Amino acid sequence: MFSKVLIANRGEIAVRVIRACQELGVQTVAVYSDLDREAMHVRLADEAYALGGQTAAESYLNTDALLDAIDKSGAEAVHPGYGFFSENADFARAITDRRVTFIGPPPAAIEVMGDKISARKAAEEVGVSGVPGTTDFITDPEQVRAFGAEHGYPVAIKAAYGGGGRGMKVVDSEAEIESAIESAQREATAYFGRDEIYMERYLTKPRHIEVQVFSDTHGNHLYLGTRDCSAQRRHQKLIEEAPAPGIPAETLTAMGEAAVAVARGCGYVNAGTVEFLYEDGDFYYLEMNTRLQVEHPATELVTGLDLVALQLAVAAGDPLPFTQDDVTITGHAIEVRINAEDPAEGAFLPSPGRIASMITPDGYGVRFDAGYAEGDEVSQFYDNLIGKLVVWGADRDIAIRRAVRALRELEITGPATTIPADLAILEHPDFAAIDHSTKWVEDVLDLTGVGSSATPTDDTAEATVRRDIAVEVNGKQFSVSMWVPDQASNPNGRTKRAPRKKSGGGGAAGSGQIEVPMQGTIIKVEVSEGDTVEAGQVLCVLEAMKMENNITTDVAGTVKELKVVAGDSVGGGDVVAVIG
Ligand code: MV4
């Protein structure tokens, strides 16, 4: 086993890995951005190194700063967590070039699975098929017309070098082919810098089922059961469960064996996930995620395995200590994601801010993996996952009831959270009946009347509290404890955000000051200064929260001023155009 591991991540996954290391007697090294100097993962680690910067690009994606921290700390291995550099073959190579172990798959396996076309070909080579379609790039709308005529509509047009659902367009009829191609190419270029697209038959009510695989360096490849992650919104999962319910045992076994074939075929090592779409009893390979996933604890609770401990063992060269026959699934697990987002009216608007108070659930079968504690700040710059509630039950119904019970115990004040939406899903008869699909949250679940869970906080208490103050010396962090008035730890008092100030004094309906509702990137501008526009007309396209959003004018008039061009970053409330 390693004696020292650096965790190239933050938040709950960094905390998860640090805890596993502590249990194994492995020294832990945290890295942190300027905003994370006092973050939970830094508090828990044995050592911490400053990366500098605020945004992900300036900090957790700063290769030089990370390599520097690795050198200074003397870590023998790096755990990338998920996101950031976890599926970056260049980073994995930069690590291994320094004779430091990357706790993850070989760079070549990351590369094969990195684009959908080569991933699909790799699966086809081992006899695992995806949704009927073609791996040829679309160069002519005629190809889509011919495919639609043969297989019927709808047809899915997908970005070849994309992922996470970005750039997928659904064509319902021949008339929509050209605009769908244009839109898919535009999104693909905006997100991935490449515009190659391909097509598949579009499944209208699929479930997202994934298989957890694990491979060691001795050629052993196992599957550790399935998860259903269909309860998601705009490709952000809300609730996951293990095993995938309501699927015949022989189908689950066939999916497990298909996943292992894919892993073996690409020379996989360490933890991975093979994703499938499941519809009407059939399953279709989608892609492989070459990392440990957010939802791995659901698998841990039904297999009894510590997947992070296994990752460390496999990375250290140990063979997997069990065989496929030893893997058994017991009971049912449900993971509920708690994000700092306001689900009111189904909008899921980011709600960063300081966690004024947090009462976490407990009791039989309940686990809470958080990346924050009371008093910590959820930054707008990073993923806003506060924590994950993971429950185990003897069967699915018990697990659902336990998840609801635990969610009701969980109280967070400060940021709004996804808890009300999570409850709406868990208490819905469709979810109980497994009559949901990947489209269900967006198309069926009714979140009207679901209110904001943001709560004002009482900041009048004058008690003293212990604060561990981080002191940085030559880029390395040391901790000093102080007892200070509680006020000092909360200089801003109330943490509920004041009503957002409208920029430029405008923004009110009908004022002609057209604002964007949230932070994002302008990917297309549809009008020019001097143009005459009608109410409801699209002015520009904002890419935000992984989707294209049309920004429309609510008044008719002339474009007096246009404040953005394609490629501009904008913040929520920024005025993009003035219509007069
Ligand atoms: C599909 C599909 C239906 N038919 N492909 C979206 C994410 C990307 N990785 C693949 N996705 C889908 N591909 C065909 N041919 C429906 C989806 C899909 C989806 C898949 C998994 C999880 C959530 C999803 C939400 C919407 C659509």
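A residue counts as buried when its relative accessible area is under 20%, as exposed over 50%, and as partly exposed in between, with a 1.4 Å probe and protein chains only. This is a predicted model, in which local features need pLDDT of at least 70 and side-chain atom pairs count only at pLDDT 80 or more, while totals for chains, interfaces and linings use all residues. Residues are numbered from 1 along each chain as its sequence is written, and side-chain values use heavy atoms, with hydrogens and water left out.

**Exercise 1.** Determine whether F276 is buried or exposed, and describe the ring pair of F276 and F283.

*Solution.* F276 has a relative accessible area of 0% and is therefore buried. F283, at 25% relative accessibility, counts as partly exposed. Rings of Phe, Tyr and Trp (its six-membered ring) pair if their centres lie within 6.5 Å, and planes under 30 degrees apart count as stacked, over 60 as edge-to-face and the rest as tilted. The rings of F276 and F283 form an edge-to-face pair, with 5.4 Å from centre to centre and 90 degrees between the planes.

**Exercise 2.** State how many aromatic pairs the structure holds, and locate the pair of Y60 and Y382 in the chain.

*Solution.* The structure holds seven aromatic pairs. One of them joins Y60 and Y382 edge-to-face, at 5.7 Å centre to centre and with 80 degrees between the planes. This pair links distant parts of the chain, since Y60 and Y382 are 322 residues apart. Both Y60 and Y382 are buried, and ring pairs link these two residues and F84 into a cluster.

Notes: Helices (H or I, at least four residues) and strands (E, at least two) are DSSP runs, numbered from the N terminus.
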